[in-house]
Amino acid sequence: MSGHRRPHRVPHRVVVLCIEPLVGFDMTLVPQVLEAARDRQGERYYEVRVASLDGGPVRTHKGYAVVPDHGPETLPWAQTVVIPGMKHPVIRGEGRTTPELEAAWALLAPGTRKVSVCTGAFALGALGVLDGLRATTHWEHAEEFRALFPQVDLDPDVLFVDEGDVLTSAGLGAGIDLCLHLIRADFGVEAANNAARGCVVPPWREGGQAQFIEHPVPPRPEQSTAATRAWASANLRTVTRVEDLVTHARMSERTLSRRFRAETGLSPQQWLLQARLQRALELLERTDLPVDRVAEEAGFGTAAALRHRMRQGLATTPQAYRLTFAGPAAGPRKGAVAGPRAAAVTGRREGAVAGPRAGATAGARKEAAAVHPGT
């Protein structure tokens, strides 16, 4: 019997474009997280290159320099370009681009997806990429951003914003959330969860979650809602009300709500709804269960309730979602329209968007980061 050779995957091509003084953490997290995304055969979903504007070393704002392997000549190769945080005095201080940045930017191929981490959004703003769009950056720099770029709809209260082919994130750890969101959008929940596991980070924090989490580590374990959240995640089929969480946690509803917001940035009801939706999307992707069973297992109760939630939040249906994303994380499917996927997303604009995951449209991606769910 002759062996069957699996087709070789062509990874999605990403360039991290460094501008000095660079925020080093923002730069390093992108290749670290994206290249942790691999399929079941261990092949990478992404190939990431790091480049500077002139091909030389890049100073950071913390007293050291990095030496990227590439210069601007690698930019035409990119399908996605990421600008990490930086403190360039002209871009950050005056909201103006530079001849070097403009020359490099002109090398990008049409349709290249554009992403920023933290204050990298100032570069996208200076380049005009964010004009008329919703965006975010680190909350500490919100007022200076608004003063420089009044034409941008800035939301400083969320972790990241996805406007289809333009994505922005808040500072530091939110860049990790955005990278995991890209993996989910491009290659599915399983790929993102595996990458998160490899990086030892939480696999899911919605874009609309608050940037500021008051008490991420409670002072005593018995005050945490972690055990209740783990229990609820394992019992979504039967955990249908906030009162169930209250009973398990042995707290008053008011105390539970306060601690949920402190630890997750979400109310108990919002967290429970998010957990249900996450579970439903995983089941639609990874099983062939009928939609009514998916709804039951995820805690929605009925297929109608699940359909309503997905139409309201993701502008799609269970059947359409499964048609696009079902099956193992095997990458793009032949003949489909390119565009990122729906989970944990934002984007208020309709229409197709750039990205390697097949078959989705921006209309299927309207929910979590588009509306701040912590209010």
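A nonpolar core is a set of buried Ala, Val, Leu, Ile, Met, Phe, Trp, Tyr and Cys residues joined through side-chain atoms within 4.5 Å; buried means under 20% relative accessible area with a 1.4 Å probe and protein chains only. Please keep in mind that this model is predicted, with pLDDT of at least 70 needed for local features and 80 or more for side-chain atom pairs, while totals for chains, interfaces and linings use all residues. Residues are numbered from 1 along each chain as its sequence is written, and side-chain values use heavy atoms, without hydrogens or water.

Let us start with the largest nonpolar core, which holds 36 residues. Met-27, Val-30, Leu-34, Tyr-46, Leu-180 and Ile-183 have the most contacts inside it. Helices (H or I, at least four residues) and strands (E, at least two) are DSSP runs, numbered from the N terminus.

The most comes from α6, with 8 residues. A second, separate core has 30 residues, among them Leu-75, Val-81, Leu-124 and Val-152.

Now to the sheet: two strands pair if DSSP finds at least two bridges between them. Six strands make an open, mixed sheet in the order β2-β1-β5-β6-β10-β9. Its edge strands, β2 and β9 (160–162), each pair on one side only. Within the sheet, β5 (residues 80–83) runs parallel to β6 over 4 bridges, and Val-81 has Lys-114 of β6 as its bridge partner.

Technical notes: Buried means under 20% relative accessible area, exposed over 50%, partly exposed in between (1.4 Å probe, protein chains only).
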